[in-house]
Amino acid sequence: MPSEAIPENLKCLHTQEEQLREKALALVKSDDRLSIHLFVVESAMDLADVLRQFETDEEDMKVVQILGMRMFNAFGASLKLALSGYVQNSTLIMRDVLETVFLLDLFKTDRNAIKRWRFADKRERMKEFAPVKVRDALDKRDGFKSGRRTELYAQFSELAGHPSMKSVHMMCPEKGSDAVIGPFMEATALEAVLSEMGRLAIQAGEHLAAFFPPEWGHGKCSRDAFTRVKLEWIGRFYPQATSLGER
């Protein structure tokens with residue numbers, strides 16, 4: 001048996017990951033565009049953490065709490081991987097967040113669907129709640145015909161979810177460079193991953209906030225904090241949306 005519990009190569013890999021994390025944090029500190037993405041992610045995670053503390057006997061609400069906890073864990077893992085140089089793996093976990101966001105969006109306006117989802121067997125779940133079915137239901141509800149939800153899900157799948165030639169691009173530190181093994185840190189790649197994470201956090205937070213009982217005072221502080229950082233994020237990256245909302 002080896003005398004060391006952890007192989008030396010894994011120790012060296014961890015050291016490299018920690019060095020890349022320091023480099024990533026330095027990049028975030030020097031660019032407030034990256035910083036605001038982290039603040040909105042933290043705020044959405046806080047909403048999930050606070051919502052789970054709401055005491056309830058309603059099984060449907062417990063489902064929402066569990067989904068919020070799932071997204072909390074996914075955001076934490078995705079962020080950990082992104083800051084450690086694993087951008088492709090970070091993106092793969094974000095696809096899980098995206099799927100959960102879509103499901104919560106459906107539950108937000110069709111509360112009866114939560115119970116159907118809870119009691120559905122595999123066949124029933126795939127018939128009504130498979131990812132494509134959820135996306136189609138949301139597009140029909142919103143009158144969307146562009147297929148943007150499907151396009152976004154497909155993009156996450158192609159770049160990170162499935163082995164493909166396009167997925168190789170996420171293993172290249174720079175456009176046109178060779179793929180590398182192990183983690184790497186490059187400013188453009190980090191910005192791309194964190195910006196997608198920020199967009200997902202905005203949606204996740206909005207849907208979670210919709211399930212907060214309005215009379216529950218304990219959740220007000222977190223909801224207000226999320227609203228503030230959300231408006232700051234939208235004002236920074238989508239200023240036209242802010243100005244239209246003020247009219």
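The lining of the second largest pocket splits into 7 nonpolar, 4 polar and 7 charged residues; here Ala, Val, Leu, Ile, Met, Phe, Trp, Tyr, Cys and Pro count as nonpolar, Asp, Glu, Lys and Arg as charged, and the others, Gly among them, as polar. Keep in mind that this is a predicted model, where local features need pLDDT of at least 70, side-chain atom pairs count only at pLDDT 80 or more, and totals for chains, interfaces and linings use all residues. Residues are numbered from 1 along each chain as its sequence is written, and side-chain values use heavy atoms, with hydrogens and water left out.

**How confident is the model?**

- The chain has an average pLDDT of 91, and 95% of the residues score at least 70; pLDDT is the predictor's confidence in each residue, from 0 to 100.
- Over residues 243-247, pLDDT stays under 50, and the model has 0 contacts there beyond four places in sequence. Contact means heavy atoms within 4.5 Å.

**The two pockets**

- Rolling a probe the size of a water molecule over the atoms shows where empty space is left.
- A pocket is an open set of points on a 1 Å grid over the protein atoms alone, where a 1.4 Å probe fits and protein lies on both sides within 12 Å along at least five of seven lines; lining residues have an atom within 4 Å of a point.
- The largest pocket has a volume of about 560 Å³, where volume is the space filled by probe spheres set on the points, with grid points joined across faces, edges and corners.
- Of the 22 residues that line the largest pocket, Leu159, His169, Met170, Ala189 and Ala192 are the closest to its centre.
- By class, the lining of the largest pocket has 12 nonpolar, 6 polar and 4 charged residues.
- H4, helix H8 (148-161) and helix H9 (187-209) each give at least two residues to the lining of the largest pocket, and the largest share, 5 residues, comes from H9. Helices (H or I, at least four residues) are DSSP runs, numbered from the N terminus.
- The second largest pocket holds about 420 Å³ of space.
- Its lining has 18 residues, with Phe102, Arg148, Arg149, Leu152 and Gln203 nearest the centre of the second largest pocket.
- H4, H8 and H9 each supply at least two residues of the lining of the second largest pocket, and H9 gives the most, with 6 residues.

**Aromatic pairs**

- A pair of aromatic rings is described by the distance of the centres and the angle of the planes.
- The structure holds 6 aromatic pairs. Rings of Phe, Tyr and Trp (its six-membered ring) pair if their centres lie within 6.5 Å; planes under 30 degrees apart count as stacked, over 60 as edge-to-face and the rest as tilted.
- Phe54 and Trp216 make an edge-to-face pair, because their ring centres are 5.1 Å apart and their planes sit at 70°.
- That pair links distant parts of the chain, 162 residues apart: Phe54 is in the loop between helix H2 (32-52) and H3, and Trp216 in the loop between H9 and helix H10 (220-237).
- Both Phe54 and Trp216 are buried. Buried means under 20% relative accessible area, exposed over 50%, and partly exposed in between (1.4 Å probe, protein chains only).
- Trp233 and Tyr238 form a tilted pair, because their ring centres are 5.6 Å apart and their planes are at 40°.
- Trp233 is buried, at a relative accessible area of 4%, while Tyr238 is partly exposed, at 38%.
- Ring pairs also join Phe54, Phe212 and Trp216 into a cluster.

**Some buried residues to look up**

For the contacts below, neighbours within four places in sequence are left aside.

- Val63 is in helix H3 (residues 59-83) and is buried, with a relative accessible area of 10%.
- Val63 is in contact with Phe107, Ile114, Trp117 and Arg118. From Val63 to Ile114 there are 51 residues in sequence, yet 7.5 Å in space, C-alpha to C-alpha.
- Thr100 lies in helix H4 (residues 87-109), is buried at 6% relative accessible area, and contacts Leu67, Arg70 and Met71.
- Ser43 is in helix H2, counts as buried at 6% relative accessibility, and touches Ala225, Phe226 and Val229.
- Met185 is in the loop between H8 and H9 and is buried at 9% relative accessibility.
- Met185 touches several residues, including Leu20, Lys23, Ala82 and Leu190. Met185 and Arg223 are 38 residues apart in sequence and 34 Å apart in space, C-alpha to C-alpha.
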